[in-house]
Amino acid sequence: MNAPTAKPLALVVFLENVGHVGALNLPAWVRQSIDFLTEEYAKLQLRVLGAYRIYDQITILEDADATGPKLTEALLASSRQHQVDVLLLVHGHAGKLVGYLGKELVGAETFQPLIDAYRAEPELLNLRAVYGLNCHGATLTGTWIELGADVVNGAVGVNWFPEPSLSVFLWMWLRGRPYSEAVTAANRTANRVWSRILGNRRGQTAHPWILSSRQVIAGRRDMDIYNREV
């Protein structure tokens with residue numbers, strides 16, 4: 001039997017692909033197609049892999065809702081009655097998330113007021129696990145911990161491998177594996193798959209994309225989705 005959590009679980013998904021593929025200058029219609037397909041794929045993964053069976057509430061912030069104010073609003077609202085996990089399916093820069101249309105940058109102007117409010121009233125936020133595919137996610141791990149998150153991951157540089165990372169992480173996390181194990185397995189699987197594609201053979205120096213996509217895990221404690229500490 002699964003151990004009960006202190007409060008029901010909520011998931012906040014910050015979702016904006018923008019349609020960028022590296023530094024390629026793609027036509028607008030191609031970017032729009034990539035943006036639509038990748039976002040629909042991510043939402044389908046949540047359903048297929050069972051997120052809606054575990055989370056009492058799922059809030060998806062996509063397109064025009066992928067902004068700093070909307071993220072703040074969703075985190076505060078979800079925290080009132082739930083323990084909140086966060087899924088960051090966006091691009092990123094150092095210290096920032098890339099939101100709506102790639103023009104909405106979510107950084108200190110959003111996070112610092114939220115940190116200040118949380119310090120003054122710790123009951124405002126009830127964050128737990130924050131899983132991100134955003135580039136330079138490691139530069140935001142400290143921010144999420146300051147906001148009360150128990151555990152968070154982040155890429156050390158550009159994260160070239162959103163898949164199969166997302167699928168493996170969700171598959172393991174939603175089936176009760178510890179957070180650190182799910183993140184590590186997702187990164188290891190992505191490295192193995194993409195090493196073959198990139199022609200990076202065993203014994204060779206790791207491809208720069210693999211080095212850049214390395215995941216850092218930080219936080220106060222490790223646990224599974226049911227709040228069992230490991």
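Modeller: A nonpolar core is a set of buried Ala, Val, Leu, Ile, Met, Phe, Trp, Tyr and Cys residues joined through side-chain atoms within 4.5 Å. Buried means under 20% relative accessible area, exposed means over 50%, and partly exposed lies in between (1.4 Å probe, protein chains only). The model is predicted, so local features need pLDDT of at least 70 and side-chain atom pairs count only at pLDDT 80 or more, while totals for chains, interfaces and linings use all residues. Residues are numbered from 1 along each chain as its sequence is written, and side-chain values use heavy atoms, with hydrogens and water left out.

Colleague: Which residues touch the most other members of the largest nonpolar core?

Modeller: They are Tyr 55, Leu 87, Tyr 131, Phe 169 and Trp 173, in a core of 31 residues. At least two residues each come from strand S1 (9–16), helix H1 (28–48), S3, S6, H6 and helix H7 (179–198). H6 gives the most, six residues. Helices (H or I, at least four residues) and strands (E, at least two) are DSSP runs, numbered from the N terminus. The protein chain has eight helices and eight strands.

Colleague: What does Tyr 131 touch?

Modeller: Contact means heavy atoms within 4.5 Å. Leaving out residues up to four places away in sequence, the partners of Tyr 131 include Leu 87, Asn 153, Phe 169 and Val 183. There is also a second, separate core of 26 residues, with Leu 71, Ala 74, Phe 111 and Leu 147 among them. In general, nonpolar side chains tend to be buried together in soluble globular proteins.

Colleague: What makes a space in the protein a cavity?

Modeller: On a 1 Å grid over the protein atoms alone, a cavity is a set of points where a 1.4 Å probe fits but cannot get out, and its lining residues have an atom within 4 Å of a point. Grid points are joined across faces, edges and corners, and a volume is the space filled by probe spheres set on the points. By this rule there are three cavities of 30 Å³ or more. The largest cavity has a volume of about 90 Å³. Its lining has 13 residues, and Leu 11, Tyr 55, Leu 87, Phe 169 and Trp 173 lie nearest the centre. Strand S3 (83–93), strand S6 (127–132) and helix H6 (162–173) each give two or more residues to that lining.

Colleague: How do you know whether Asn 227 is buried or exposed?

Modeller: The relative accessible area of Asn 227 is 17%, so this residue is buried. Asn 227 follows strand S8 (215–219), in the segment after it, and its phi is near 75 degrees, a positive value in a residue other than glycine. Most residues other than glycine have a negative phi, and most peptide bonds are trans.

Colleague: Where is a cis peptide bond?

Modeller: It joins Glu 163 and Pro 164, with omega about 10 degrees. Pro 164 lies in helix H6.

Definitions and conventions: 1 Å grid on protein atoms, 1.4 Å probe; cavity = no way out; pocket = protein on both sides within 12 Å on 5 of 7 lines; lining within 4 Å.
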